[in-house]
Amino acid sequence: ISAGGVYTALSSGTTDTITATSVEDSTKQGTSAVTLGTSVKSYGAQGDGVTDDTAAIQTCINAAVAAGVPTTIVVPAGTYMINSQAISSGGAHGLEVSGGTSSITMALATGATLKAKADVSLTQGEILRLVTTSNFTITGGTLDGNKGSINSDGTGGNFPNATEYCCCIGIYGATNIIVDTVQLLNPHGDGIYIEKTSGGARCTNVMIKNSIADGGWRQNISIVDGYNITIQDCTIRNAGGESGGGGGIDLEPNGGEDVHNITIQRNQIYNNVIAIGTGGRADLGATTSAITIDSNNIYGNTLGGMGLNDSTTASFVTNNTIHNNGGDGIQLYENTYSMTVSGNTITNNSGRGIYLTSADSPTVTGNTISNNSGYAIYLTPYNTGTITVTGNTGSGNGGTIYPPGTYPSNSIF
């Protein structure tokens, strides 16, 4: 810092910590973190909660992409109103990062919010869309879907004509994407929606961490196609409203799509309709495989902890705490294959601890299952292959194992 108080950055696109010492009293110091980069306000964004800032912020994004060098886009504190259907090509959306391979970070300051403008004409839209881009990071701040108060029949709210395709962030065919310490609030559809492009470009290497997804009318996070995706250390809550929706995290490929190598770890997932759902449309060639659900705290979800179904394959449910949910703790159903359920603590759910039907070669081992209203483990006659149920413990359930006597030699309660 010069004598005139001017700070010269050592590098661009970083956050520097500056410590200033008083010239009058050297014992007094002040420290502040300064994010270095290009402010959206330099392109005319107001952040006053009234002005439509879509065009100004988009111009800043376009300049960053065109520069072709690592760039930080700084969004200072304020509320920036975004027209979620400002761009109509490829599906209506507001801001777009398209193409480009250089590292771009969009750094939202504490108190910075990108907020969807209420619009009675909107049928679909996203605050931010990432399309066939790579090496993009968004950090901090809030993306507010601003859904308003929606009636139980889907009418009302700030987007009364909207479909489920109204999201905070849509990610399509993008690679090396990070969403870190971002609040994704109140979308009419999903907080984050991940899918391949119409041309078949797939999403790979996506990390969602330290973030909050809250109040999705459909789901909070949906993965329809993609691989190598991690959701870690997040809070995921209060999804539900749309008929058939309400998943905290929903892995549901459409026909011909593939959801593979997904890690869901150390999250707090609560007050959704269901915490985690996997599988979908296997009859149309969709696949869901290599899913790891580990060390999550899952509670207070209306219909249960997790439902894994429709050809979910070679996946692991381990070390989770699943408690105080409506319905069952864990369900494996509709043709799952080679699933492992191990080391979980499943307590005080209003249904069964673990329910298996049409599961092929499942392994259920080393779980603690206590004080659930239904059976600790319930197996229907439709399970196939080698069924391993061993080393599980617990007490106080509505029953031990059903049908009784099925696995007395290798089940411990």
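**The sheet and its strands**

Author: This is a predicted model. An open sheet of 12 strands runs in the order S7-S10-S13-S16-S19-S22-S25-S28-S32-S36-S40-S42, and the pairing is parallel.

Reader: Which are the edge strands?
Author: Strand S7 (95-98) and strand S42 (399-402). Each pairs on one side only.

Reader: What does the twist average from one strand to the next?
Author: The twist averages 10° per step between strands.

Reader: Take S22 and S25. How many bridges?
Author: There are 4 bridges between strand S22 (residues 247-251) and strand S25 (residues 274-278), in the parallel sense.

Reader: Which residue stands opposite Gly247 in S25?
Author: Ile274 does.

Reader: What holds paired strands together, in general?
Author: Strands of a sheet pair through backbone hydrogen bonds, parallel or antiparallel.

Reader: New topic: S26. How many bridges join S23 to S26?
Author: 7 bridges. Strand S23 (residues 258-265) and strand S26 (residues 287-294) run parallel. Gln265 has Asp294 of S26 as its bridge partner.

Reader: And S26 with S29, parallel or antiparallel?
Author: Parallel, over 2 bridges; strand S29 covers residues 312-313. Ser289 is bridged to Thr313 in S29.

Reader: How many bridges join S26 to S30?
Author: 3 bridges, with S26 and strand S30 (residues 316-318) running parallel.

Reader: What stands opposite Thr292 in S30?
Author: Phe316. To recap, S26 has parallel bridges to S23, to S29 and to S30.

Conventions: Residues are numbered from 1 along each chain as its sequence is written. This is a predicted model: local features need pLDDT of at least 70, side-chain atom pairs count only at pLDDT 80 or more; totals for chains, interfaces and linings use all residues. Side-chain values use heavy atoms; hydrogens and water are left out. Two strands pair if DSSP finds at least two bridges between them. Axes are lines fitted to C-alpha atoms, for helices over the stretch in contact, and angles run from 0 to 180 degrees between N-to-C directions.
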